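Subject: Structure handover, salt bridges

Hello,

Please read them alongside the coordinates.

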Amino acid sequence: MFGQRSQLWQHLSPIKSFELLAAVYNIPDSTFRKRLKDLVKIFEIDELMDRPVRTFSLGERMRCEIVASLLHNPKVLFLDEPTIGLDVVAKAKIRQVLKDMNKREDTTIILTSHDAGDIEDVCTRAIIINHGKIVIDESIQKLKSTYPSKKVITATTAKGQVSRFEIDTRDVSLQKALGEIIEKEAIADISIEEPSMEEIIRDIYSK
């Protein structure tokens, strides 16, 4: 599925496009109807089924596009920029249904995106490509724990004063930095912020 290109016919309703795709993939009618019923419920597109696609918002169209890609129950789903141009609510919805689909049907999802939030929220593994070559192939968890060196510590004292400290763990250990903060004041609360996935990727590319 391509974020910038549609596989739905703009002047037809989604159900007409789905029926045509079912014929293309040789899906038996009974299998198709059951599969479509499940997908319509999962992606909450029941009220869209009889409207022309040209009348949809981008978020509505993208949900229908993914349903069209899943009709034949693929083992691998390729998504290119699936949340491009969507607002934060629509993005969150698309990401959640993709994660649910992965767990429910064990569908492998290969997702390309310039939105680091897509990668961080949906994927368990990241492949970073630079000039056509793979430079990193790691789990998201390892990528976030290995590459970022800067952390932001926010400390709130017992008197309610809030201080923020940025440290580079290549120069000073997190344990030492926390020890120094706690020694100076009576701390009521403390938090440690990790760099976002976008910052991590930007740092990797800059090097």
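Which side chain meets that of glutamate 138 in a salt bridge? The partner is lysine 142, at 3.7 Å from N to O. A salt bridge here is a side-chain nitrogen of Lys or Arg within 4 Å of a carboxyl oxygen of Asp or Glu. Glutamate 138 is buried, at 18% relative accessible area, and lysine 142 is partly exposed, at 42% (buried is under 20%, exposed over 50%, partly exposed in between, with a 1.4 Å probe and protein chains only).

This is a predicted model, in which local features need pLDDT of at least 70, side-chain atom pairs count only at pLDDT 80 or more, and totals for chains, interfaces and linings use all residues. Residues are numbered from 1 along each chain as its sequence is written, and side-chain values use heavy atoms, with hydrogens and water left out.

The structure holds 13 salt bridges. Two others among them:

- Aspartate 137 pairs with arginine 125, with 2.8 Å between the closest N and O atoms. Helices (H or I, at least four residues) and strands (E, at least two) are DSSP runs, numbered from the N terminus. Aspartate 137 is partly exposed, at 38%.
- Arginine 33 pairs with aspartate 29, the closest N and O atoms being 3.4 Å apart. Both lie in helix α2 (residues 29–43), four residues apart, or about one turn of the helix. Arginine 33 is partly exposed, at 37%.

Finally, salt bridges link Lys91, Arg95, Asp115 and Asp118 in a network.

Regards
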